[in-house]
Amino acid sequence: MAEECSVKNLRASLAVEQDVARELFCPLCFSFSTDPKTVNCPAAHMFCSDCISSVHDNRGPCPCCRQPFTELRDVPLVMKNMIANVKWHCTNKQKGCSFTGTHADLQQHIQQKCSKQEVPCDFTACTDTMMRSKLPAHQKKCPRCPAECEHCKDKVPFVESSDHLKTCPS
């Protein structure tokens, strides 16, 4: 399954150590940033790159202290390491998932493993979504499940098999 999923806008309540995570949140969008930038105002405030880029492009002052700034800088390596090592609960914690891990681990968990994550059926034209744990049972009875035509050997969705048999070349 080539599912695209991104873990953005993590809430502080999902952090294992909430007090640490709150210090690393962007003061503009109040979300956790994996790519923060500091500005060269006197206090060197930190923001997520998406939020501060537009302020910088419009030549606005620092949104926290209202002092002018001219540069966006990468945060120091020690800060990047702190950010990379913050532990998070799964975004599906309220649905019963007990996973905890770094942002990178969480991203992989959501994309590939979390049994509580809502995922779409893989079959063409099926619009059903369900928890990943229920996907195998759904696919066994999905009317869009491809079945091989006994005559021409084409793969045809089960729901279309009778129409296919009327026009099957074999």
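**Notebook: salt bridges in a predicted model**

I began with R73, which forms a salt bridge with E71, the closest N and O atoms being 3.2 Å apart. I count a salt bridge when a side-chain nitrogen of Lys or Arg is within 4 Å of a carboxyl oxygen of Asp or Glu. By this rule I get six salt bridges.

I noted the basis of the entries: the model is predicted, local features need pLDDT of at least 70, side-chain atom pairs count only at pLDDT 80 or more, and totals for chains, interfaces and linings use all residues. Residues are numbered from 1 along each chain as its sequence is written, and side-chain values use heavy atoms, with hydrogens and water left out.

I looked up accessibility next (relative accessible area: buried under 20%, exposed over 50%, partly exposed in between; 1.4 Å probe, protein chains only). R73 is partly exposed at 38%, and E71 is partly exposed at 38%.

I then turned to K37. I find a salt bridge between K37 and D74, with the closest N and O atoms 2.4 Å apart. K37 lies in strand β1 (residues 36-39) and D74 in strand β3 (residues 72-74), so this pair ties together parts that are 37 residues apart in sequence. Strands here are DSSP runs of E, at least two residues, numbered from the N terminus.

I also find K37 in a salt bridge with D35, at 3.8 Å from N to O.

D35 is partly exposed at 39%, and D74 is partly exposed at 48%.

Definitions and conventions: Helix = DSSP H or I, 4+ residues; strand = E, 2+ residues; numbered from the N terminus.
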